[in-house]
Amino acid sequence: MAKENTELKSQKPAAPKKRFFNVEKKFGYTMHEIWRNKMSYGLVAPFFIAFIIFSLIPLVASTALSFFYYNILQDPKWVGFDNYQYLFVDDALFLKAFSNTLYYAVIVGPTSYLMQYFFAWFINQTPKKLKPLYVLCFYAPALAGGVMLSVVWLVIFANDSQGYLNSILLNMGLISEPVQWLITVDYIMPIIIIVSLWSSLGTGFLSFVAGFSGVDTELYDAAAVDGVTSRFQKLIYVDIPQTMPQMLFAAILQITGAFSVGGICSAIAGHPSPEDAALTIMLHLGDYSGQRFEVGYASAIAVVLTVMILGCGRLAFKAFGDKG
Amino acid sequence: MAQVDLDYLKRAKKRRDVSGKAIAIVLGIFGLISLLPLIYCFSTAFKPLDELFLYPPRFFAMKPTLKNFSDLMAVTANTTVPFSRYLFNTVIITVGYLFAMILVSTMACYPLSKHNFPGKNIMFKTITTAMMFVAAATAVPSYLIINALHLPNTYFVYIIPGLANTTGVFLLKQFLDQVPNEIFEAGKIDGATEWQLYTKIAIPLMRNAQATIIILSFGGIWGESGTAATYIYDEQLRTLGWFMGTIGGGLARAGASAAASLIMILPTIIMFVVQQSKVMDTMAHSGIK
């Protein structure tokens, strides 16, 4: 751009090219720049129009609505920070949902992230021919995901003796009567976490696999010259620095997924769950927007959730050394 | 001297092989564990009624049968909408969405990666931030907008609101960043127009990345049920995913439900297997750095 600027100036005294816009005025110059880059803007336009209409405006509208009482039927009524005050001070259920979500995110987030990274790394150590098979084995649960819940996991953890886990434990004599897995408060969250971890090797995992196989083999040779011999050393000195971009990408997906957990909880423990042991922020939000039509309050919950995710995302950007 | 070096290398190679094999075996075990629920789902889909309620439960079907699938078809026998209609809708929506989304994403990623224009950086920063937006959290404003645009009760409601796939554009852009600019400069010197650079160089180079985006998005759109439940009032326009959800789960309907699950996940997995081999293969040989 700066180059273009000097070019324009040097052209001026000679024979100024005939242009549709008067480039010597600020508005004209801007318009001229837009026209000059018309192909760039034209190509990004469909994406950004869809993005603005279906992502950005809803988010901005949610932020605005969080300061109103709004039930869709009547006009919004300004209430200031009342929604937020109620959220953090009076709504005991929100605090329950908040702590459940945090509990889930703190355990599943890092565990699943490390699983993705190391399974991908291990897969990269295996012969080339086996790689696709391993990738399929680990990625298939993420593909199947929610569909499998009712057919497999609810049968495994069924509360009666028909359940696989109960029947195995009964046969082994470890328990004398069936354990009520899905309605016992202490077991609900751990079961949700196990099932989540099982199906959590998703996009981030694929990104890691691709990242590792994209590492230039010459780098390993160069490292070997510098005395790097073991797999572990290669991981530290070559693989980790080389896969930083994938680490950031996977971290963002991981953070977003962990904090917005909801569907899997209601599928496993029902909604409402026993003593709200599986209530998460997303489910709480859904109650207010979809059931009670208290859109203003639901929007306040959405804003809190978004701020949490963006805040953690910011940390990830810092941690993985991106300029952004 | 040379002898010693050779010996050392041999031993090192042998050692590497041992740990490599150990990794392969351990991974195989973990992979099998990870697949078990899927295999169970697969075998349950073919179990006859008496085996579904066998106690203690069996993992594999002893007398495999297709009855669960015919039961599944029978569910729609009494309704106005046949099973084939749901399947047709889902195929149309999946193809339409993937085509439109890939088109829009491929268009957007090229200037973001290879052009220099005012606002480019803020656009890309917006995309990376937007990957952290949770669409479900802003469902009500989205609902009002989609209604205002008269999208409900058309195929478009499945396609248009999801067009802006931020993760897709991000991945495509990152992929294109790795393609050296010299290729495009060479094209320019040979007299190619900007449009030709885009269609003749950039798009063919992005095939792998496009395949990857299709893999990532396929499951979501093939199993689509939320939009069908919220925005479609005409049962004729609803999807397979929505219909499968109405069958119900748990022990009582385990057979039909497992058959339904299989129909939902099998295309996704086949899609992945087909595209994965392509992606892996081309990635190994493309050598673009």
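Let me begin with a convention: axes here are lines fitted to C-alpha atoms, for helices over the stretch in contact, and angles run from 0 to 180 degrees between N-to-C directions. Helices themselves are DSSP runs of H or I with at least four residues, strands are runs of E with at least two, and both are numbered from the N terminus.

What you see above is a predicted model, in which local features need pLDDT of at least 70 and side-chain atom pairs count only at pLDDT 80 or more, whereas totals for chains, interfaces and linings use all residues. Residues are numbered from 1 along each chain as its sequence is written, and chains are lettered from A in the order in which they are written.

I will take the helix pairs of chain A to begin with. The axes of α5(A) and helix α13 (residues 244–259) of chain A come within 9 Å and cross at roughly 150°. That makes α5(A) roughly antiparallel to α13(A), the term being used for angles over 145 degrees, with under 35 counted as roughly parallel, 65 to 115 as roughly perpendicular and the rest as oblique. The crossing is right-handed, meaning that the near helix is turned clockwise from the far one by less than a right angle. On the α5(A) side the residues that meet α13(A) include A:Tyr104, A:Val108 and A:Ser112, and among their partners in α13(A) are A:Ala251, A:Ile255 and A:Phe259. Contact means that C-beta atoms, placed from the backbone, lie within 7 Å.

The second pair is helix α4 (residues 82–90) of chain A and helix α16 (residues 295–319) of chain A, which pack at an angle of about 70° with their axes 9 Å apart. These two helices are therefore roughly perpendicular to each other, and their crossing is again a right-handed one. A:Asn83, A:Tyr84 and A:Leu87 in α4(A) meet a set of residues in α16(A) that includes A:Tyr297, A:Ile301 and A:Val304.

A:Ile301 leads us on to the core. Beyond its neighbours within four places in sequence, A:Ile301 is in contact with A:Leu87, A:Ile281, A:His284, A:Leu285 and A:Tyr288. Which residues have the most contacts inside the largest nonpolar core? They are A:Tyr139, A:Ile268 and A:Ile301, in a core of 148 residues. Such a core is a set of buried Ala, Val, Leu, Ile, Met, Phe, Trp, Tyr and Cys residues joined through C-beta atoms within 7 Å. Buried means 20 or more other C-beta atoms within 10 Å of a residue's own, exposed 12 or fewer, and partly exposed in between, with C-beta atoms placed from the backbone.

Turning to the contact between the chains, 72 residues come from chain A and 72 residues from chain B. The largest share of the chain A side, 17 residues, belongs to helix α3 (residues 38–65) of chain A.

Chain B has 14 helices and zero strands, and of its 289 residues 37% count as buried. Among its contacts between residues at least 6 apart in sequence, 72% join residues at least 24 apart.

Finally, is B:Phe170 buried or exposed? B:Phe170, which is found in helix α8 (residues 166–177) of chain B, is buried, because 20 other C-beta atoms lie within 10 Å. Leaving aside its neighbours within four places in sequence, B:Phe170 is in contact with B:Ile127, B:Thr128 and B:Met131. B:Phe170 and B:Ile232 are 62 residues apart in sequence and, C-alpha to C-alpha, 31 Å apart in space.

Note on methods: Contact = placed C-beta atoms within 7 Å.
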